[in-house]
Amino acid sequence: MSNRRDVIKHSALVAALLTGVGWLPRIASAEALPHSAFDAKTLDELYKALGTAKPTESNLVTLVAPEIAENGAVVRMGLSTTAPNVKKLLLLIEKNPNVLSASFDVSPTIEPSFQINVKMGQTSNVYAVALTTDNKVLFAQKEVKVTLGGCGG
Amino acid sequence: MPDPMRIRAQAQGGNAVVRVLMAHEMETGQRKDASGKIIPAWYITEVTALLNGTPVMTAQWGPSVSKNPFMQFTLKGAKAGDKVTIQWQDNHGDKRSDDAVVS
Amino acid sequence: MRMPLRPRLLPIALLALAALSGPATQAQTDKNVSDAIAQYRAMLADGNPSELFEAKGEELWKTPRGPKNATLERCDLGKGPGVVKGAFVELPRYFQDTGRVQDLESRLLTCMATLQGFDAAQIAATPFGSGEQKTMESLVAWVSSESNGMKLNVPQDHPAERRMYAIGQQLFYYRGGPYDFACATCHGEPGKRIRLQDLPALNGNPGDGVGFAAWPAYRVSSGELWGMQRRLNDCFRQQRFPYPGYASDATIALATYMGVNSKGSVSIAPAIKR
Amino acid sequence: MKHRTLLLGAGSAIAVAAAALVGCAGTSETTQSSPAEITAATQATIKASFTAKGQAGLDRLDQDEIQKICSSPTPPAPDIAARLAAEQAKTVKYPADGRWLGDWKSGEKLAQDGKGKTWADPVDKPGGGNCYNCHQITKTEISFGTIGPSLYHYGKLRGVSDPAAPEAKPILEYTWGKLWNAKATNVCSNMPRFGHEALLDEGQLRDLMALLLDPKSPVNAD
């Protein structure tokens, strides 16, 4: 199911989302990107511009989220990482009006693992992102489908 | 004065699992009231956890954290009798701090 | 260095759906979807915000309030003044002092009026979620939590209780309104759903923690604690009926009917619901 | 025209029933209530418990013959059911201009919409079809109810490849009738009588017809 285009898309998206919420250095080319620019050609430039902060999908980051949310008002998310030197764990919800849901600054006394209830306005990709002290950006992503529940009235 | 939190801290294999419920509206600033006026955003912006008085975690939250927020985390090396403190602050400047003892 | 790529995870239920071609595989779709919903609910089960309401309810119970500046600690919920543990699973029941069959909320109104001096009619007319109705949310959360894990045992000893059951049964099947709906339209047969929500068959015993045994509950959709009164009120709204009075006999009759039908099922109140 | 009556229309009967209720609650604890007494008490309870709110007036509690006969755990006797269904069948108004199908896209929107007719809804706002509450319809919408049968491939399964063809006519008529007055075929059907109760207008019904029967609709095409 995975192809290079998808990988690039998710990676670029995380980068753009992070830039938007102020967690990555604001890079002129990234900021200037129109939303429609999430395709490979333009994104190669974005990659270069992001340098070490290039977001990488990684199995060192885990996102636990339901396949389907019966109600978008409360969706339990679990985000954790086994990557070394992690300083922050972020939860991003792509289609929410406020993309950044929560950010956790971790210390050696706490597991880099959190559960939290968040709101989702609609079906969306959700990203768990780990930022390391050596400026790596690692992420895991999953689509959560938000359904219309009840009698709809 | 905001309502107290519910904090449960349980020792588990050399660590302590902490579950927290906070009483808060977490208004997004996106919703409208019956008359069509935007309901202003009102949400917890910062959460801090302390173990025996020492800060171990700070979290920044946006308005998309659910109403009456739930959060769970694990403190390394915490044992029965240790004191866990949770503090929050919202965008109105309201604050709340509650303690629990690891059991 | 690039990290090894993890294959993109497509939700299993959606993959299965994509493979569907016709109603022949309906059962499989239903199973995938209901598994996914079950997963969603299981994740939420730990950390039910109803605990916040329970804590507040216990405090409100013990706090002197109202014109008489009194607590509710002498309130008789059916097992004697001040006895809260186990009271909820035996409600609605007949009360000698009022001469009425009362559910939890109706009885709390009585106590708030007689002990604390509140105007019961005024509280009954207050919109859900505001004023003293907000107090009620917390009180029902706490009182019901004190029967959590106990078996429902709504009494049928007094003739008034049996009569209330019989009225409740007729109301359950009473069709009306522009849509011709009765309670039974949605809750008359087991194994049915409205949209993705399972519908308990309330003319029988739907089992532990289902139907009557799952209310009061924290509603994630509104972030409020709903008692049975609000649950029934919203059912009647969607049934396109007129407005049922708070703690009116129609609502108590239906609660009696459902409660008695659920005899022996374990109450998980306050539950968490979508 | 519909004739609605209260089960016990007379006000005096209600007064008696109310008195019986009070009496029961007070002293006559050993008396066993007769079924007629309970029915009267139910009526009294309804009267005392509901108030009009918004567009939901108290007249909504007055039952017509169908609602009355179907307010029981046991279905009506076959002969009565057949007679009443035949009467309901006479109420169906087929499209005057012979146009059966509208736009399936509008039909899908209507099928999704579960609003309308509650005490909280504005009177002038048209109500939705509520279809997904009870039926599977398209393949893509996974949030559907199961109170009614699946309507996925509705037209396809009935062999409707050209809705304008003469052989499709009986299916068009049957489907229109079902939408207009479901009680015409099944007297105690759970389905609302969308045409008969003026819940949807002719244009809306045409759009729902298209959703179910247009070969291009995702109901049949997917």
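Predicted model: local features only at pLDDT ≥ 70, side-chain atom pairs only at ≥ 80, totals over all residues.
Chain C and chain D bury about 5,200 Å² between them. Within each of these two chains, the domain assignment gives a domain 1 and a domain 2, for chain C and for chain D.

**Interface of chain C and chain D**

- The contact between the two chains involves 50 residues of chain C and 69 residues of chain D.
- Of the area of about 5,200 Å² buried between chain C and chain D, 56% lies on carbon and sulfur atoms.
- On the chain C side, C:Arg163, C:Arg175 and C:Arg195 contribute 17% of the area buried against chain D, more than any other three residues.
- Four salt bridges are counted between chain C and chain D.
- C:Arg195 and D:Glu141 form a salt bridge through their side chains, with an N to O distance of 3.9 Å.
- Between chain C and chain D, 26 residue pairs are in polar contact.
- Several elements of chain C each supply at least two residues to the side that touches chain D, among them helix 2 (26–45), helix 7 (159–172), helix 9 (228–238) and helix 10 (249–261).
- Helix 8 (183–187), strand 3 (192–194) and strand 7 (243–244) of chain C also each supply at least two residues to that side.
- Helix 7 of chain C gives the most to this side, namely eight residues.
- Sorted by class, the side of chain C that touches chain D holds 25 nonpolar, 14 polar and 11 charged residues.

**Strand pairing between the chains**

- Strand 7 of chain C pairs with strand 2 (residues 50–51) of chain D; the sense is antiparallel and the pairing runs over two bridges.
- C:Tyr243 has D:Thr51, in strand 2 of chain D, as its bridge partner.

**Domains of chain D**

- The domain assignment of chain D places domain 1 at 4–76 and domain 2 at 104–221.
- About 860 Å² is buried between domain 1 and domain 2 of chain D, with 56% of it on carbon and sulfur atoms.
- In domain 1 of chain D, the residues that lose the most area to domain 2 are D:Lys53, D:Gln55 and D:Ile66, which together make up 54% of what that side buries.
- One salt bridge is found across the interface of domain 1 and domain 2 of chain D.
- D:Arg193 and D:Asp64 form a salt bridge in which the closest N and O atoms are 3.1 Å apart.
- Three residue pairs are in polar contact between domain 1 and domain 2 of chain D.

**Domains of chain C**

- In chain C, the domain assignment gives domain 1 as 7–45 and domain 2 as 50–273.
- The centres of domain 1 and domain 2 of chain C, taken over C-alpha atoms, are 34 Å apart.
- Six residues of domain 1 and five residues of domain 2 of chain C take part in the contact.
- Domain 1 and domain 2 of chain C bury about 450 Å² between them, and 57% of this lies on carbon and sulfur atoms.
- Across the interface of domain 1 and domain 2 of chain C there is one salt bridge, and zero residue pairs are found in polar contact.
- The side of domain 1 of chain C that touches domain 2 has four nonpolar, no polar and two charged residues.
- The side chains of C:Arg41 and C:Asp198 meet in a salt bridge, at 3.9 Å from N to O.

**Backbone features**

- Most residues other than glycine have a negative phi, and most peptide bonds are trans.
- The peptide bond joining C:Leu91 and C:Pro92 is cis, with omega about 5 degrees.
- C:Pro92 lies in the loop between helix 3 (50–62) and strand 1 (93–95) of chain C.
- A cis peptide bond also leads from C:Ala269 to C:Pro270, where omega is near -5 degrees.
- C:Pro270 is placed in the loop between helix 10 and strand 8 (271–273) of chain C.
- A:Asn85 is not a glycine, yet its phi is positive, at about 60 degrees.
- A:Asn85 is located in the loop between strand 4 (75–81) and strand 5 (86–93) of chain A.

How values were computed
Residues numbered from 1 in each chain as written. Chains lettered and ligands numbered in written order. Heavy atoms only, no water. Domains from an automatic or database assignment. Buried area = accessible area lost by both parts, 1.4 Å probe. Polar contact = N/O pair within 3.5 Å; in protein donor to acceptor, adjacent residues only side chain to side chain. Contact = heavy atoms within 4.5 Å. Helix = DSSP H or I, 4+ residues; strand = E, 2+ residues; numbered from the N terminus. Nonpolar A, V, L, I, M, F, W, Y, C, P; charged D, E, K, R; others polar. Pairing = 2+ DSSP bridges.
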